[in-house]
Amino acid sequence: MKAAVVTEFGKALEIQDLPVPEAGPGQVLVRMEASGLCHTDIHAAHGDWPVKPQPPFIPGHEGIGTVEAVGAGVSADLLGKRVAVPWLGSSCGSCRYCVSGWETLCESQVNSGYSVDGCYAEYTVASAGAVVRVPDAVSSLDAAPLTCAGVTTYKAIKVARVVPAERVAVFGIGGLGHLAVQYARLVGGLVTAVDLEPEKLGLAHRLGADVLVNARTHDPVEEIRKTGGADVAIVLAAAPKAFEQAYKSLNRGGRLVMVAMPADDAAVNVPIFETVVGGISVIGSIVGTRQDLTEVFALHAAGRTQVIAETRRLEDVNDSFDEVLGGRAEARLVFEF
């Protein structure tokens, strides 16, 4: 099979011919149809985070494909079914996080395209218990971004407990942000979109954002406060400055939801006095569960969301990384096989 492989941190990925993997016990073999490019894949390839993957490895955790083989102990009913291979490759299933519906916090979890080979390949193996069925009404091109960008922002809106007429500021409009705008609107939020690029703000406007803020030409804190401040700020831009601006834009009782993860174990200053007196909450939100992804697919199948994506060839993976890093991708890029 053809695969894009990280051979060394910071170096260009190599397109290699590798043996097709075999499904082991409890696993399925999936023939890929589409695989989205997430910024996390770039962080993985560069070794940006404190916990690093081990090269050589195949990135990718927005994989959509058809089950072609099942391992021992897996029902043959999965054969021929189209499934999503998400970031959460597996979890222990028995810890207090797993049994309470928070398997994304499991300390024994395995992550697709990070701790095990992922979806930048014509085939991948995945845990049968972790894959999620894709409804017929959702195309593989749309399903790929929904498998991470969608479920991650959907979960962020959930944990933020947004209620109708609350003001929601979304920092960073792109692969994740264009979906966050839509989920915030679905629950009745009044959405302010913040980005550095006019094209991204134009996309947010088309998707229903109520207020647009160009952070390159205007101070987002001032602009957000002019329109009533933010009750919730969702940060999807991988820059510490965006987190600081988001915090400062919050009203009393506001919730700062941290989603993006900048490189080098970045930190932000959270003033204790203001946080206590203002009743501010700082929330970390990491992806979503299998049930969350099922809900994301159901909403999309019902026509409630749009996915903005462009297709690329796997051979163009390095140029695609540059496109994302340069802010030239309108929203999500998806490799098609």
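## Basis of the description

The model is predicted, so local features are used only at pLDDT of at least 70 and side-chain atom pairs only at pLDDT 80 or more, while totals for chains, interfaces and linings use all residues. Residues are numbered from 1 along each chain as its sequence is written, and side-chain values use heavy atoms, with hydrogens and water left out.

Helices (DSSP runs of H or I, at least four residues) and strands (runs of E, at least two) are numbered from the N terminus. Six of the eight residues of H1 are buried, so this helix is largely enclosed by the rest of the structure; buried means under 20% relative accessible area, exposed over 50%, and partly exposed in between, with a 1.4 Å probe and protein chains only. The buried residues are Thr 40, Asp 41, Ile 42, His 43, Ala 44 and Ala 45, and what covers them includes strand E3 (27-37) and helix H10 (317-325).

After H1 comes Gly 47, with a positive phi near 65 degrees. In the loop between helix H1 (39-46) and strand E4 (63-70) lies Pro 56, which is joined to Pro 55 by a cis peptide bond with omega of about -5 degrees.

## Two residues with positive phi

Most residues other than glycine have a negative phi, and most peptide bonds are trans. Arg 161, although not a glycine, has a positive phi of about 55 degrees, and this residue is found in the loop between helix H3 (140-160) and strand E10 (167-171). Ala 165 also lies in the loop between H3 and E10; its phi is positive, at about 75 degrees, and its relative accessible area of 53% makes it exposed.

## Asn 251 in strand E14

Asn 251 is found in strand E14 (residues 250-258) and is buried, with a relative accessible area of 18%. Leaving aside residues up to four places away in sequence, Asn 251 touches Arg 225, Gly 228, Gly 229, Ala 230, Asp 231 and Ile 280, where contact means heavy atoms within 4.5 Å.

## The lining of the largest cavity

The largest cavity is lined by residues including Trp 87, Val 151 and Leu 293. A cavity is a set of points, on a 1 Å grid over the protein atoms alone, where a 1.4 Å probe fits but cannot get out, and lining residues have an atom within 4 Å of a point. H3 and helix H9 (290-301) each supply at least two residues of this lining.

Terms used
On a 1 Å grid over the protein atoms alone, a cavity is a set of points where a 1.4 Å probe fits but cannot get out, and a pocket is an open set with protein on both sides within 12 Å along at least five of seven lines; lining residues have an atom within 4 Å of a point.
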